[in-house]
Structure formats: structure tokens, C-alpha cells
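My notes follow in the order I worked.

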Amino acid sequence: MYELNHILETLLSPEGCPWDREQTHESLIPCMLEEAQEAIDAIKSKNMVNLQEELGDVLLQVVFHAKLAEMAGIFTLKDVVRGLCDKLIRRHTHVFGDEKASNAEEALRIWQKNK
């Protein structure tokens, strides 16, 4: 993850890529949508080689947005990951808490309640 973060820092630096430096959260919306759709298409076609590549492209979008936010002093990628970890633990009280779920339906009910 460090290497990816470093690559984005380089791309967004004054010596980096002119196109990347001009991007905003709003301008990247089409890219986020396109990469998510390509990952979905790979899943539907059961093409795991392509899915690996497309998940990398989706991850790039997440890291790109986080880096833009970090540069603006809003939040960091670490904040995004920490928030996700907290949410997963908070919503899975049947795994990390006292509730019990013996099947997927019960787990989903607990997830929805905690959501």
C-alpha cells in the first residue's frame, strides 16, 4: 500500500502528471463509475484474471480520491480504512459482539439492525 500511496503522491506532485494534477472528486466520477462497471462485468463473465485487474482499477479510484482529500487537509487513506474497520466491527455484532447468527438470514438481519 505504501508503494501505491507513493506513486499517487508522485503523480500529483508539481513534477508529476498534468492530467492527474487537474483531477477533482467531481471530474473522477466517470472514472469511478466505469471502473466499478468493468469489475462487475468481469464478475458476471467469471473472468478472474480480468477481475483482478479491474479491482486494481477500482482501488486506484479509492486511493486517488483519498489522496485528493489528504492534499486538501480533509482526511487520509488511513482514515478511510479505519472508518471501514470500525463499521465492519460495529455491524457484525454476531461475530465481534454478543449476538448470535446461525445462518446468513440471521446475520443479514443483525447487519441491517446495526446499520
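I started with Glu-70 and Lys-67, which sit three residues apart in helix α4, about one helical turn. The model is a predicted one. The two side chains form a salt bridge, with the closest N and O atoms 3.1 Å apart. Glu-70 is partly exposed at 34% relative accessibility. Lys-67 is buried at 3%, because the cut-off for buried is under 20%.

I then looked for shared partners. Salt bridges join Glu-9, Lys-67 and Glu-70 into one network. I noted a count of four salt bridges.

I moved to helix α5. Arg-82 and Asp-86 are four residues apart there, again about one helical turn. Their side chains meet in a salt bridge at 3.2 Å, N to O. I found Arg-82 partly exposed at 46% and Asp-86 partly exposed at 36%.

Next I looked up Lys-113 and Glu-99, a salt bridge at 2.9 Å, N to O. This pair links distant parts of the chain, 14 residues apart. Lys-113 lies in helix α7, Glu-99 in the loop between α6 and α7. Glu-99 is partly exposed at 24%.

Then I turned to the nonpolar residues. The largest nonpolar core has eight residues, among them Leu-8, Val-63 and Leu-77. Helix α4 gives the most to this core, with four residues. Beyond its sequence neighbours within four places, Val-63 is in contact with Met-1, Leu-4, Leu-8 and Leu-77.

Last, I checked the surface. A nonpolar patch of about 650 Å² includes Met-1, Leu-59 and Phe-75. Leu-59 is in helix α4 and is partly exposed at 36%.

Note on methods
Residues numbered from 1 in each chain as written. Predicted model: local features only at pLDDT ≥ 70, side-chain atom pairs only at ≥ 80, totals over all residues. Heavy atoms only, no water. Core = buried A, V, L, I, M, F, W, Y, C linked by side-chain atoms within 4.5 Å. Buried < 20%, exposed > 50% of the residue type's maximum accessible area, 1.4 Å probe, protein only. Helix = DSSP H or I, 4+ residues; strand = E, 2+ residues; numbered from the N terminus. Contact = heavy atoms within 4.5 Å. Patch = residues over 30% accessible without salt bridge, like charges linked within 9 Å, V, L, I, M, F, W, Y side chains within 5 Å. Areas by Shrake-Rupley, 256 points an atom, 1.4 Å probe, with all protein chains shown as cover.
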